[in-house]
Amino acid sequence: MVNLDILKKYGCTTERLREIFTAKEDQADYEIRNRFEDLIQSRILEGVRSSISHAKLYMSVDMAWDSLPINKSTIPLLQYAQGKISIEDCHDKLEDLDVANKFCEYDDEGQLKSVNALRLYEVSINLIRSYVTRRVAAQVHRFSNLYPYYKYEPRSTALADKLRGDILSQRVEMMVDQFGYRHQFEQIIRQMFMYGHSVAFPSASWTEEVQWRMSTDDITGEDAMESEVEKSGVKFVTPHPTRVVYDGSKPLHDINNNHGPDWIGFWDIVKYGDIYNNPSTWNTEDVSVTNSLSSLYSAHSDFFGYYFNDDIVFPKVSDTFSMRNDRTAQTGLYAAEDSDKGMFVTQMCMRVNPKRDGLGDYPHDVWLKFTVASDQTVVYAEYLPSLPAVYGGINENDDRMANISVAHEIMPYQDQLTNILSSMLEHMKMSMFKIFAIDQDALDDDVKEYIKNSLAEDTFYAKPKALFYSGQKAADLGINSKDFIKVVDVQKELSAGVNQSIQAILQLLNLVERMLILSPQELGQPAPREISATEVSEIANTTNSIYSFISEGVDDMRSAMKKVLYEHLVTCSTDKFVVPVKGRYSEQIIRDAGFEVETSGEERLTSRNIIGKPQNLIYEYLFGARDGAERARDTQSAQVLGQLVMQVLQVPDMAQALGRDRTFNMFNEIFRLSGAHDLRLETDEMDKEQEMANVGNDQFISKLKEQWPQVVEAIQGIMQQMQPQQNLSQGEVAPGASGQPQPQPEQSAQTSPQQQVQL
């Protein structure tokens, strides 16, 4: 964590950065600006080329994810079948989709005659969406009902430190609601399964939204306006992995512990007017456009055409302007009339040493965030108090620049399943084909015309048709009446192919479940066959092992985000906050921790809220990854502690030996964990004096030693009833997780160190 106030004392401020990156050629800071802009340009170009080179890997996932379950021509055909559009409009829409020849019939002169609105079309099976959604739902469910969403635990067990942890958890919970972290983390988890990893960047050191409101002066009664902060916190941005750039010499995962890449960022294409009209940006009149980035757009048109608009226009590059960077062959400038034209904008975070790099006098490494327009013009810069980004990955190899994801593993099966189903539908279409063989020599002309007209109508299969013929005439000619019309049905010959396709689909789905270590029960489906209890247990164990392994990457990212939120809060926020946790702690503990108790009313009655500053929250916390189902529940802790206290107090003279103050502290902890915030037992000064007079320190210690064997025996009885969870190694599942009975702990006359409780 970097203290921004200390940086300010050493001359490391945003104002100083503006002086450097707006310096002209005749100023002393120009050399520093030129050196940084050259470094920034080389890193941006390297990162953009690298990200585009791996783009096809991620484009394939996006295209498979966006595949439609029905054909694109379905909408105009259904609209025409329902009578909502005319046959001409349907034809025009099918022509726009380049499928008019498949569904439209024309006469000899090329005029539209009819539209064949059959209901069987080519389809695509979205297997990736189905399985990825199941895995995402399993991970999101672990956190969706957690309140607070991020829970901070101090390393100390003192009540004042627990108070700080509770206040920090509630203050961050306010940020969770204001900035929508719950929904955003769902998107992050989905990115992990689709692309293998996800990177989240703080958009700024601190984000505040301020509005004006009306207030009335208590003395004068006049109305006045005052500013009000509606939301304040850290806003995260999760760019597409094709637009993330970083130092590939170090693993991306190590950015979470600040030992990873020396530079990281993400780029996007925005309108020049978005930067030009922003009052907080610099150098808006000097944004350069070079042929380095514009040539990338033309060279990788398939990538930019898929992820961006096809009509992106960049200003023309000319060589009439001599820029500072001699390595660029052709350069130009954005002008005011280019406000609607495209421009590359990169958020580049770099590890710098202000004293070494001439940015200030601070001698240690810090993170500096640049907003770079085009490929080298710095339009804004600021120091970051914490990590520049947080990373989360699932089953990624740190030695690889690009890794396949769960979606990549499913992709070949999705293509194969689509092919099988399309083939089956083709067989079904062919099976509908029927040939009517009519003996025209045996029928009169009027009968033949009647049959032709009946078959031409769409209702020939819905309404009964009467066909009259002369049986005597047919007998005289020696013709069997059944041979007048013969129907050739190909359905029987093709039914075997349809059955084979169905069997192939089922076998392919079974193969997918085996490869992804899934089970029908996990997907909410019944077992395809009768399975034994042992097999049920093995399936549950394997599934839980995979979930535990997947959760490691998700929890690792949550741990890093907790660290970033805490460090940004205590270093960037200056406003006082009010949180309702006062009822859990005594006023003395609150004041010892450096906070204030909110009072209200004429009698200054104490309410349940605590007022404090973010600086009072500075402490060493456990940014642990144990969360979700593994998070310790306060109600469970209160239940166990309550049973333990009741057993201990049943020991003769133990309540007197502990004293009223210690006994009340135990009950207050039970009340705090159980959520009964209104209950609190306190001793006054008279109680303390009487207790010290009746029981001295030596007498208390002797009584405690005398009663210790009975206390240990009572604790042993409770520990045997609790059936504690055992520590599990990687890949194991807790007993009882698969519906199997839990083994009972063995009776032991000796007390283990874990069972001893220090009072």
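Is Ser374 buried or exposed? Here are some notes on that and a few other spots; keep in mind that this is a predicted model.

1. Let's start with Ser374. At 4% relative accessibility it counts as buried, because the cut-off for buried is under 20%. You'll find Ser374 in the loop between strand S13 (366-373) and strand S14 (377-384). Have a look at its backbone too: phi is positive, about 60 degrees, although Ser374 is not a glycine.

2. Now try Asn258, in the loop between strand S8 (244-246) and strand S9 (263-271). Here phi is near 65 degrees, again a positive value in a residue other than glycine. Asn258 is partly exposed, with a relative accessible area of 32%. Why flag these angles at all? Most residues other than glycine have a negative phi.

3. Next, check the peptide bond from Tyr147 to Pro148: it is cis, with omega near 0 degrees. Pro148 sits in the loop between helix H8 (127-144) and strand S3 (153-154). For background, most peptide bonds are trans.

4. On to the inside. The largest nonpolar core has 125 residues, and Tyr150, Leu163 and Phe370 touch the most other members. Helix H19 (residues 533-572) gives the most to this core, with 11 residues. Apart from it lies another core, of 13 residues, including Val199, Tyr246, Ile264 and Cys349.

5. Finally, zoom in on Phe370. Leaving aside its neighbours within four places in sequence, Phe370 is in contact with Phe21, Phe36 and Ile40, among others. That list also includes Met348, Met350, Val378 and Tyr380. In soluble globular proteins, nonpolar side chains tend to be buried together.

Definitions and conventions. Residues numbered from 1 in each chain as written. Predicted model: local features only at pLDDT ≥ 70, side-chain atom pairs only at ≥ 80, totals over all residues. Heavy atoms only, no water. Helix = DSSP H or I, 4+ residues; strand = E, 2+ residues; numbered from the N terminus. Buried < 20%, exposed > 50% of the residue type's maximum accessible area, 1.4 Å probe, protein only. Core = buried A, V, L, I, M, F, W, Y, C linked by side-chain atoms within 4.5 Å. Contact = heavy atoms within 4.5 Å.
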